Amino acid sequence: MPTVRYRYRFYPNAKQRQMLARQFGCVRYVYNWALALKRDAFRERGEKIGYAETDRRLTELKRDPNHAWLRDVSSVPLQQALRHLDKAYTAFFRSTARFPRFKAKKHRQSATYTRRGFSLRDSGVRGQPVVKLARMSTPLKIRWSRPLPSAPSSLTVVQEPDGTYYISFVVEVEHKPLPRTRREVGIDLGVKDVVVTSDGWRSGNPKHLKRALDRLAREQRKLARKQKGSANWHKQRRKVAKLHAKVRNQRTDFLHQLSTRLVRRYDVIYAESLCVRGMVKNHSLARAISDAGWSAFVGMLSYKATLYCKRFVQIDRWYPSSKTCSRCNYTMETLPLDVRAWVCPRCGEEHDRDINAAQNILAVGHTVSACGDGVRPALALVSEGNCR
Ligand SMILES: [Zn+2]
């Protein structure tokens, strides 16, 4: 059965906030400590340290009197932090992700609890259980915006930089097959349009998002001019964090609508995998937001394809999709980024840059998935619902 996340806002009381702050702090500490450990072992001795070894060393670390404070919090999220790091590290070595980054206090804080780390009790209302975290004497006050469909296997509590708290539960759900459409599509991910499809449809990028983004950039410049640590700086920092949250929420809504639309419309969706697509190291705000948006979007397509019994294929092979003519396969030597339309010098076809790229992705998708049913081609990451 596919697993999905159900996310709710929750409102911790003063005591719970204190406890969560300690828990987040310890998770961050352990994650960074283990990341440094792994990094140095590899740099200095070419040695790879796995989860079991970090877990063993964590036990030692907790025995050290200078780290006694690590024993004041639940050990479950600390172990989960080691598991997350291990995953991130493996992904890096498989070159499907960049090198894991150290966690900073100013970013989103989180702690993940497996079943050992929380308790559920029936509240009398269906889908609204009483949830208590380890080391907490009182249950969490959760705003149940929709009922929880089944007992969760794990949960994550999050504090966003704007100070709001969320809890997300991992639950198993039934497949919900959507009608077959017998249509396949290649998609190109971009900045101006989040998605351009091989049949020529452009998603655009919501206008209100652009406005919020402009305002965010303005408020961030103001923040940079303030004296760091001053009362005004703190005030401005909260303002920026709130705006950030707003932009993120608007973007998430848009990406949800977009991914649902695609999964409804097509049986198979092909895209380039993000590491192939190239997460350009560019620190511009728009770019950073679109990078984050793409990973979120790919995640949505992947779980929705599984949930709704469709197929999402990420092509894990580099291919000059923008520069190659989708009609005759002629490949241009260069095609500067600002050239939005071009004419193939061999066959004379007029191309829109993005639509042509999406058409090539569809064609490559057909060749990599032509290995037959049940075979997972090495060049593609496939998410599908196996319910047919
Ligand atoms: Zn051509």
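**A. Helix α4 passes α5 in a left-handed crossing.** The model is predicted: local features need pLDDT of at least 70, side-chain atom pairs count only at pLDDT 80 or more, and totals for chains, interfaces and linings use all residues. Residue numbers start from 1 along each chain, as its sequence is written. A crossing is left-handed if the near helix is turned anticlockwise from the far one by less than a right angle, and right-handed if clockwise. Helices are DSSP runs of H or I with at least four residues, strands are runs of E with at least two, and both are numbered from the N terminus. Helix α4 covers residues 207-225 and helix α5 covers residues 231-265; their axes come within 10 Å and cross at roughly 160 degrees. That angle makes α4 roughly antiparallel to α5. The classes are roughly parallel under 35 degrees, roughly antiparallel over 145, roughly perpendicular from 65 to 115, and oblique for the rest. Axes are lines fitted to C-alpha atoms, for helices over the stretch in contact, and angles run from 0 to 180 degrees between N-to-C directions.

Residues of α4 meet residues of α5. On the α4 side, the contact holds H208, L209, A212, L213, R215, L216, E219, Q220, K222 and L223. Across from them in α5 are W233, Q236, R237, K239, V240, L243, H244, K246, V247, Q250, R251 and F254. By class, this contact of α4 with α5 has ten nonpolar, five polar and seven charged residues. Contact means that two C-beta atoms, placed from the backbone, lie within 7 Å. Ala, Val, Leu, Ile, Met, Phe, Trp, Tyr, Cys and Pro count as nonpolar; Asp, Glu, Lys and Arg count as charged; the others, Gly among them, are polar.

**C. α1 and α3 pack at an angle of about 40 degrees.** Their axes are 9 Å apart. At this angle, α1 is oblique to α3. The crossing of α1 past α3 is right-handed. From α1, the contact uses Q23, C26, V27, V30, Y31, A34, L35 and K38. From α3 come P77, L78, A81, L82, L85 and Y89. The contact of α1 with α3 divides into twelve nonpolar residues, one polar and one charged.

**D. Helix α2 crosses α3 at roughly 150 degrees.** Helix α2 spans residues 51-63, and its axis comes within 10 Å of that of α3. That makes α2 roughly antiparallel to α3. The crossing is right-handed. Y51, T54, D55 and L58 of α2 meet L78, Q79, L82, R83 and D86 of α3. Four nonpolar, two polar and three charged residues make up the contact of α2 with α3.

**E. R83 sits in helix α3 (residues 75-93).** R83 is among the α3 residues that meet α2. R83 counts as partly exposed because 14 C-beta neighbours lie inside 10 Å. The cut-offs are 20 or more other C-beta atoms within 10 Å for buried, 12 or fewer for exposed, and partly exposed in between, with C-beta atoms placed from the backbone. G50 lies 33 residues from R83 in sequence, and the C-alpha to C-alpha distance is 9.3 Å.

Five strands form an open sheet. The order is β2-β6-β7-β1-β5, with antiparallel pairing. β2 (109-114) and β5 are the edge strands, each pairing on one side only. Two strands pair if DSSP finds at least two bridges between them. Helix α1 (residues 14-45) lies across β2 and β6 (154-159) and runs at about 90 degrees to β2.

**G. Strand β1 pairs with β7 and with β5.** Eight bridges join β1 (residues 3-10) to β7 (residues 165-172), and the two strands run antiparallel. β1 also pairs with β5 (residues 142-143) over two bridges, again in the antiparallel sense. R9 has Y166 as its bridge partner in β7 and R143 as its partner in β5. F10 is bridged to I142 of β5.

**H. R182 has a positive phi in a loop.** The loop runs between β7 and β8 (184-189). Phi of R182 is near 60 degrees, and the residue is other than glycine. R182 is exposed, since 7 other C-beta atoms lie within 10 Å.

**I. N329 has a positive phi too.** Its phi is near 75 degrees, in a residue other than glycine. N329 is in the loop between β11 (311-315) and β12 (341-343). With 12 C-beta neighbours inside 10 Å, N329 counts as exposed.
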